[in-house]
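Subject: Structure for your review

Dear colleague,

Please find below the structure that I am handing over to you. My findings follow it, and I would be grateful if you would read them alongside the coordinates.

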Amino acid sequence: MFDQNINHLTEEELDDMGVPPHGLSDEEYAAVQQEMREIRLKQIAEMSPEQWIENYLWGLRFRLRDYFLEGIYLEERSFGAVLSEYLQIIKKTKEQLAEDLGIPLSQINRLINNQEYPDLDLAHKLEKHSGGIIEAMYWWKLHMTRQEYLLKHDEKRREVAMAQVKNEHRLAA
């Protein structure tokens, strides 16, 4: 984790990091930090509901990015789970989202319950609905991450599918 206390670094180390020395005493530095904290808290207190929603959407986007980088599948990050979280963030009902996206409410329910998965059009619609914060590729990757997991780990399905193949191509010895 990034160490925010840089007081222990030498001038040379700070120069290497591109951090100019501030030349403040510990007391002056603490006062500046307190002033910055107060400014930030004031900005947070003055945020509109729309700004809060946008903040939370960005947070979701960054969590999804990190999830994809991990290269694993987690049920709590399934398409349905993320769609449900999205609904909570934007403070809309399933009925409102269905209407906004031009799809039936029953489809929203199936998506949330992981009984149906998105097509490309839905991924694009969700990107537009999120104001472009959560790209279509992210919505699509949620589904594909699950598919990759099943492809690698669902042995029973693999065996059933392979048993249905006739006239298998045999490699020459």
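For the surface patch described next, a patch is made of residues with over 30% relative accessible area and no salt bridge, and nonpolar side chains are joined within 5 Å. Please note that this is a predicted model.

Leu24, Val32, Met36 and Ile39 make a nonpolar surface patch of about 310 Å². Leu24 is located in the loop between helix H1 (11-17) and helix H2 (26-45). Its relative accessible area is 32%, so Leu24 is classed as partly exposed.

Setting aside residues up to four places away in sequence, Ile134 touches Leu57, Leu60, Arg61, Leu64, Tyr86, Leu126, Glu127 and Trp139.

A further site concerns Asn114, in the loop between H6 and H7. Asn114 has a relative accessible area of 18% and is therefore buried, the cut-off being under 20%. The side chains of Asn114 and Ser78 are joined by a polar contact of 2.9 Å. Apart from neighbours within four places in sequence, Asn114 is in contact with Glu75, Ser78, Phe79 and Gly80.

Yours sincerely

Methods
Residues numbered from 1 in each chain as written. Predicted model: local features only at pLDDT ≥ 70, side-chain atom pairs only at ≥ 80, totals over all residues. Heavy atoms only, no water. Patch = residues over 30% accessible without salt bridge, like charges linked within 9 Å, V, L, I, M, F, W, Y side chains within 5 Å. Areas by Shrake-Rupley, 256 points an atom, 1.4 Å probe, with all protein chains shown as cover. Salt bridge = Lys/Arg side-chain N within 4 Å of Asp/Glu carboxyl O. Helix = DSSP H or I, 4+ residues; strand = E, 2+ residues; numbered from the N terminus. Buried < 20%, exposed > 50% of the residue type's maximum accessible area, 1.4 Å probe, protein only. Contact = heavy atoms within 4.5 Å. Polar contact = N/O pair within 3.5 Å; in protein donor to acceptor, adjacent residues only side chain to side chain.
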